[in-house]
Amino acid sequence: MTSGSIVRSFGNKCRNFAGDTAGNLTMMLALAAVPVTMALGAGIDYARIAREQSNLSAAVDSALLAVISSDKASLSGLSDTAKAARIAELETMAEAYLATNYNADGLSGDDITANIVIDGSKVTMTATHTLPTSLMSLAGITSTTLTITSEAKKAARPIELALV
C-alpha cells in the first residue's frame with residue numbers, strides 16, 4: 001500500500017464513522033460514563049480529604065501545644081488513679097481546642113476524639129475524625145476516618161511561645 005492509499009482509506013473510514021447512525025458510540029459513552037463519574041468523584045473526595053487532613057493536623061498541633069503548656073500536663077507525684085483522671089481532663093481540654101479550631105467543611109468539630117499519652121517529658125496526642133464523603137457515597141463509600149498523631153516534648157523550664 002502506498003501512503004496515498006493509506007490516507008484515502010483512513011479518510012473513507014472517518015467519513016463512514018461520522019455518518020454511522022447505528023448508535024454504537026452512544027452505547028459506549030453511556031457505559032463509560034459510570035466509571036468516569038466514579039473516578040471524578042474519587043478525585044474530588046480525595047482532594048477534599050487531603051485538605052481536611054491538613055486542617056485537622058494544624059488543629060491537633062495547636063491543641064497539643066495548649067495541653068503541653070498547661071500546668072496540668074505534669075503527672076509527677078500523682079497516683080495511678082489521679083494520673084488517669086488528669087489525662088482524661090487533658091483529653092477533654094484538647095477536644096475543646098479541636099472543636100474550636102477545626103471546622104470540617106461546615107461540619108461540627110464536636111465528634112473529634114483525642115487520646116493523650118504522657119511518657120515522661122514526651123506527650124503524644126492522637127485525634128480521629130470521621131469525615132463523610134460526597135460523590136463516593138454513590139459507590140457505597142459513605143465516610144473515611146482521619147487519624148492524626150502529633151508528638152511534643154515538654155520543656156525543662158517555662159518558655160514563652162509566640163505564634164506569628
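What follows is a walk through this structure, from its overall layout to two single residues.

The model is predicted, so local features need pLDDT of at least 70, side-chain atom pairs count only at pLDDT 80 or more, and totals for chains, interfaces and linings use all residues. Residues are numbered from 1 along each chain as its sequence is written, and side-chain values use heavy atoms, with hydrogens and water left out.

Start with the layout. The protein has three helices and three strands. Helices here are DSSP runs of H or I with at least four residues, strands are runs of E with at least two, and both are numbered from the N terminus. Along the sequence the pattern reads α-α-α-β-β-β. Of the 164 residues, 26% are buried. Buried means under 20% relative accessible area, exposed means over 50%, and partly exposed lies in between (1.4 Å probe, protein chains only). Take the contacts with a separation of 6 or more: residues 24 or more positions apart account for 59% of them. A contact means heavy atoms within 4.5 Å.

Now the helices. Two packed helices are described by the angle between their axes and the distance between the axes. Helix 2 spans residues 24-69 and helix 3 spans residues 80-101. They pack at an angle of about 140°, and their axes are 9 Å apart. That makes helix 2 oblique to helix 3. Angles under 35 degrees count as roughly parallel, over 145 as roughly antiparallel, 65 to 115 as roughly perpendicular, and the rest as oblique. Axes are lines fitted to C-alpha atoms, for helices over the stretch in contact, and angles run from 0 to 180 degrees between N-to-C directions.

Which residues meet where helix 2 and helix 3 touch? Helix 2 brings Ala59, Val60, Ser62, Ala63, Ala66 and Val67. Helix 3 brings Leu90, Met93, Ala94, Tyr97, Leu98 and Asn101. The residues of this contact divide into 10 nonpolar, two polar and no charged. Ala, Val, Leu, Ile, Met, Phe, Trp, Tyr, Cys and Pro count as nonpolar, Asp, Glu, Lys and Arg as charged, and the others, Gly among them, as polar.

Next comes the sheet. Strands of a sheet pair through backbone hydrogen bonds, either parallel or antiparallel. Two strands count as paired if DSSP finds at least two bridges between them. Strand 1 (residues 113-119) and strand 2 (residues 122-132) run antiparallel, joined by seven bridges. Ala114 stands opposite Ala127 in strand 2, and the bridge partner of Ile116 is Met125.

Together, three strands make an open sheet in the order 1-2-3, with antiparallel pairing. Strand 1 and strand 3 stand at the edges with a single partner strand each, so one side of each is left without a neighbour in the sheet. From one strand to the next, the twist averages 15°. Helix 2 packs on the sheet and touches strand 1, strand 2 and strand 3; its direction makes about 35° with that of strand 3. Helix 3 also packs on the sheet, touching strand 1 and strand 2; its direction makes about 135° with that of strand 1.

Follow the side chains of strand 1, which alternate. Ala114, Ile116 and Ile118 point to one face and are buried.

Lys122 is in strand 2. Is Lys122 buried or partly exposed? Lys122 is partly exposed, with a relative accessible area of 33%. Lys122 and Lys153 are 31 residues apart in sequence, yet 4.4 Å apart from C-alpha to C-alpha. Not counting residues up to four places away in sequence, Lys122 touches Val117, Glu151, Ala152 and Lys153.

Thr133 sits in the loop between strand 2 and strand 3. Thr133 is buried, at 13% relative accessible area. Its C-alpha atom is separated by 5.0 Å from that of Ser143, 10 residues apart along the chain. Beyond four places in sequence, the residues that Thr133 touches include Asp45 and Arg48.
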